[in-house]
Structure formats: structure tokens, C-alpha cells
Amino acid sequence: MIRIKKLSLKNFKSFRKAEIPLSDGFTAIVGSNGSGKSNILDSILFVLGISSLKSLRATRLTDLVNNSAREEYAKVELELEDLALNKNWLISRTVDKSGKSQVRLDEKRVTL
């Protein structure tokens with residue numbers, strides 16, 4: 001079984017920097033309206049390779065980059081653990097202000 005261990009966000013939508021550890025069992029993401037709960041789901045979809053901007057609630061890929069960030073890119077990292085193989089993977093996806101996107105699997109650049 002594969003599980004998500006941790007989600008790291010940098011300059012993604014409303015987040016400047018966030019690390020969200022996900023423990024074994026049931027995890028709930030709660031908060032008041034406008035706190036960014038749906039942006040967490042958008043970041044997971046983004047890093048896993050979804051290309052539908054409508055699903056990410058954006059009109060352009062550059063809308064995913066936080067406007068108030070000093071850096072001109074957004075990065076999402078997803079740490080996965082395979083319990084059967086006792087192996088970890090790190091998937092990351094970066095998009096810059098020009099709309100160019102890069103995907104990495106364990107720090108090696110791969111195609112979407």
C-alpha cells in the first residue's frame with residue numbers, strides 16, 4: 001500500500017511556505033472559509049500531473065504562483081511511502097511565472 005507522508009508547498013496559490021505531515025489513519029483538513037483547504041487538494045492534483053486548469057481552479061498555469069512571493073515560481077513536493085516495499089519516493093513539480101513546468105521524481109527530471 002502506498003501512502004502520502006508529507007506535502008510541502010512553496011509559493012503555491014495562497015501559501016508562501018507550508019509543510020503538511022499526514023499521519024497513518026484518518027487525516028482531516030479543517031479550517032474557516034478562505035483558509036486554503038481546497039488549495040491543498042489542488043496542490044496534490046498538480047504534483048500528481050493533472051493538466052486540466054479547470055480542475056485546478058485556474059485560468060492559466062501562472063495563476064498557481066503566489067503573487068506576493070519574492071521568488072517567481074511555485075513548487076509542490078509530495079513524499080510517498082510504499083509500505084510493502086519499504087521504499088520512499090519524492091515527487092515534485094515546479095511552475096514559473098512564464099508558465100514552464102518541471103516534474104521530478106527523486107530529484108531526477110522526468111516527463112509528465
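Predicted model: local features only at pLDDT ≥ 70, side-chain atom pairs only at ≥ 80, totals over all residues.
Q: Let's start with helix 1. Which of its residues are buried?
A: Helix 1 covers residues 37-47. Asn39, Ile40, Asp42, Ser43, Ile44, Phe46 and Val47 are buried there.

Q: What covers those buried residues of helix 1?
A: The cover includes strand 1 (2-10), strand 2 (17-21), strand 3 (73-82) and strand 4 (87-96).

Q: Take Ser43. Buried or exposed?
A: Ser43 counts as buried, because its relative accessibility is 0%. The cut-off for buried is under 20%.

Q: And what does Ser43 touch?
A: Leu7, Leu9, Phe12 and Val76, leaving out residues up to four places away in sequence.

Q: What happens just after helix 1?
A: Gly49 sits there with a positive phi of about 105°.

Q: Aromatics next. How many aromatic pairs does the structure hold?
A: The structure holds 1. Phe12 and Phe46 make the pair, with ring centres 5.6 Å apart. Their planes are at 40°, so the pair is tilted.

Q: Why does that pair tie together parts apart in sequence?
A: Because Phe12 lies in the loop between strand 1 and strand 2, while Phe46 is in helix 1. Those parts are 34 residues apart in sequence.

Q: Are Phe12 and Phe46 buried or exposed?
A: Phe12 is buried, and Phe46 is too.

Q: Now the strands. In what sense do strand 1 and strand 3 pair?
A: Antiparallel, over 8 bridges. Ile2, for one, stands opposite Asp82 in strand 3.

Q: And how many bridges join strand 1 and strand 2?
A: There are 5 bridges, and this pairing is antiparallel. Lys10 has Lys17 in strand 2 as its bridge partner.

Q: How many residues lie between strand 1 and strand 2 in the hairpin?
A: The hairpin has 6 residues between the two strands. Asn11 is in the turn, and its phi is positive, about 60°.

Q: Switching to pockets. How much space lies in the largest pocket?
A: About 200 Å³.

Q: Which residues line the largest pocket?
A: Arg3, Ile4, Leu7, Ile20, Leu22, Ser23, Asp24, Gly25, Thr27, Ile29, Ile40 and Ile44. By class, the lining has 7 nonpolar, 3 polar and 2 charged residues.

Q: Where does the largest share of that lining come from?
A: From strand 1, which gives 3 residues. Strand 1 and helix 1 each supply at least two.

Q: What is Ile20 in contact with, neighbours within four places aside?
A: Lys5, Lys6, Leu7, Leu9 and Ile40. As for Arg104, its C-alpha atom is separated from that of Ile20 by 20 Å. Along the chain, Ile20 and Arg104 are 84 residues apart.

Q: What about Asp96, where is that?
A: Asp96 is in strand 4. Asp96 is partly exposed, with a relative accessible area of 25%.

Q: Which contacts does Asp96 have beyond neighbours within four places in sequence?
A: Thr62, Val65, Glu72 and Tyr73. Val30 lies 29 Å from Asp96, C-alpha to C-alpha. Asp96 and Val30 are 66 residues apart in sequence.

Q: Back to backbone angles. What is phi of Arg57?
A: Near 55°, a positive value in a residue other than glycine. Arg57 is in the loop between helix 1 and strand 3. At 47% relative accessibility, Arg57 counts as partly exposed.

Q: And Asp106, what is its phi?
A: Positive, about 50°, although Asp106 is not a glycine.

Q: Where does Asp106 lie?
A: In the loop between strand 5 (101-105) and strand 6 (108-110). Asp106 is partly exposed at 33% relative accessibility.

Note on methods. Residues numbered from 1 in each chain as written. Heavy atoms only, no water. Buried < 20%, exposed > 50% of the residue type's maximum accessible area, 1.4 Å probe, protein only. Helix = DSSP H or I, 4+ residues; strand = E, 2+ residues; numbered from the N terminus. Contact = heavy atoms within 4.5 Å. 1 Å grid on protein atoms, 1.4 Å probe; cavity = no way out; pocket = protein on both sides within 12 Å on 5 of 7 lines; lining within 4 Å. Points joined across faces, edges and corners; volume = space filled by probe spheres on them. Nonpolar A, V, L, I, M, F, W, Y, C, P; charged D, E, K, R; others polar. Phe/Tyr/Trp six-rings, centres within 6.5 Å; stacked < 30°, edge-to-face > 60°. Pairing = 2+ DSSP bridges.
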